[in-house]
Amino acid sequence: MKLNIAVLSGDGIGPEVTKEAIKTLKAIAQEFDHTFNFKSASVGAIAIDETGEPLPDATLDLCKHSDAVLFGAIGDPKYDNNPNAKVRPEQGLLKLRKELGLYANIRPVKAYDMLLSQSPLKEENIKGTDISIYRELTGGIYFGEKQLSEDGNIASDLCEYSREEIERITHLAFKAAQTRQKKVTLVDKANVLETSRLWRNVVKQVAEDYPDVVLDFLFVDNAAMQLILNPKQFDVILTENMFGDIISDEASVIGGSIGLLASASVGDKHAMFEPIHGSYPQATGKGIANPIASILSAAMLLDHFELHEEAEMVREAVEKSLQLEITTPDLNSKNNTITTSKVGDFIEDFINNPKDSNLNFANIHLGQSTII
Ligand code: IPM
Ligand code: MG
């Protein structure tokens with residue numbers, strides 16, 4: 001298969017982790033005889049420095065003419081600490097989501113057996129957790145009208161949803177549930193918010209098309225608690241933009257590190273793949289950022305194009321790296337010498353040589369073998 005992939009690595013650790021995802025995709029292309037072309041463009045704080053815009057026209061144009069977008073991270077403390085900044089890096093990401101029509105953001109959350117002890121939660125509560133969060137991505141309070149009174153003392157953000165916006169992501173969530181445990185939990189605040197009541201009504205109606213899937217409802221405050229108390233009760237979580245943003249960060253605690261959580265943002269025409277973590281400015285350039293979320297986002301890219309065997313190979317390589325503790329310091333307090341690029345090297349090499357015996361396995365794949 002031939003794919004043109006736009007690379008928007010962005011700010012902070014974005015470029016470091018994206019580099020490892022590209023390394024992984026190149027190894028897959030080589031192994032499975034695909035042609036993946038990569039073209040980079042700037043976005044975020046770095047793009048503001050270069051052009052004054054967080055999403056330059058040339059970047060948007062490249063994305064619109066590519067088969068997929070691989071995204072790194074966005075954000076810079078100089079904007080976080082300045083609420084009065086008129087131009088902000090995040091505007092670039094939000095505009096990109098809107099312009100590409102990426103209305104569904106899919107965030108898988110898995111408790112890997114070998115990482116159970118990394119989570120602050122009790123092992124017996126999280127073992128076996130496998131959740132897919134479907135977060136609506138182009139509506140709600142993120143995109144409603146924003147106002148600030150002239151005297152600067154009153155502000156508002158409008159939260160608005162239409163039936164159509166709810167229906168299209170709901171269909172995707174139910175279709176996904178049909179291939180999984182056949183349960184959808186709608187997370188909302190229908191006891192307070194009109195938009196949530198619309199979500200409940202529309203989702204109930206759509207659910208009639210999927211009689212094999214069980215539909216359940218939870219208020220978001222309760223869902224936040226249930227995620228920590230008993231995450232195994234969830235299969236597909238369907239929710240609006242802001243609730244999805246919050247509960248997906250919360251859910252990352254189950255996996256032991258936010259550095260593991262990948263995501264796919266899809267619409268009718270375009271698709272973008274990005275780790276859910278941010279730009280982690282304190283770690284920039286230190287080689288300590290975990291590239292796995294970005295690498296697993298690349299696996300979601302492969303799945304999106306029905307390259308399931310390839311995606312499975314990437315996941316297998318990631319699991320092997322976790323098993324052997326070829327991991328960055330967020331997961332590996334014992335061996336802090338393993339850098340972002342070493343993890344990527346290991347995964348690349350595993351993809352190119354999956355049949356190696358276990359003898360001296362880790363060293364072989366780290367290029368440190370004493371026998372070869
Ligand atoms: C995310 C991020 C973004 C969001 C920010 C960077 C705008 O937190 O992708 O979860 O809130 O959607
Ligand atoms: Mg977020």
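**Exercise 1. Find which residues of α1 meet which residues of α12, then classify the contact.**

Thr24, Ile28 and Phe32 of α1 meet Glu309, Glu310, Met313 and Val314 of α12. Contact means heavy atoms within 4.5 Å; helices are DSSP runs (H or I, at least four residues), numbered from the N terminus. By class, this contact has 4 nonpolar, 1 polar and 2 charged residues. Asp, Glu, Lys and Arg count as charged; Ala, Val, Leu, Ile, Met, Phe, Trp, Tyr, Cys and Pro count as nonpolar; the others, Gly among them, count as polar.

The model is predicted: local features need pLDDT of at least 70, side-chain atom pairs pLDDT 80 or more, while totals for chains, interfaces and linings use all residues. Residues are numbered from 1 along each chain as written, chains are lettered from A and ligands numbered from 1 in written order, and side-chain values use heavy atoms, without hydrogens and water.

**Exercise 2. Describe how α11 packs on α12.**

Start with the geometry. Helix α11 (residues 292-304) and α12 pack at about 160°, with axes 7 Å apart. Now classify. The pair is therefore roughly antiparallel (angles over 145 degrees). Finish with the contact. Residues of α11 including Ile295, Leu296 and Ala299 meet residues of α12 including Ala311, Val314 and Val318. By class, the contact has 9 nonpolar, 2 polar and 3 charged residues.

**Exercise 3. List the surroundings of ligand 1 and its polar distances.**

Ile74, Glu90, Arg97, Arg107, Arg135, Tyr142 and Asp245 surround ligand 1 (a heavy atom within 4 Å). A polar side-chain atom of Arg107 lies 3.0 Å from a ligand 1 oxygen atom. For Tyr142, the corresponding distance is 2.5 Å. For an N or O atom in the Asp245 side chain, the distance to an oxygen atom of ligand 1 is 2.9 Å.

Definitions and conventions:
Helices (H or I, at least four residues) and strands (E, at least two) are DSSP runs, numbered from the N terminus. A polar contact is a pair of N or O atoms within 3.5 Å; within protein, one must be able to donate a hydrogen and the other to accept it, and residues adjacent in sequence count only if both atoms are side-chain atoms. Axes are lines fitted to C-alpha atoms, for helices over the stretch in contact, and angles run from 0 to 180 degrees between N-to-C directions. Angles under 35 degrees count as roughly parallel, over 145 as roughly antiparallel, 65 to 115 as roughly perpendicular and the rest as oblique.
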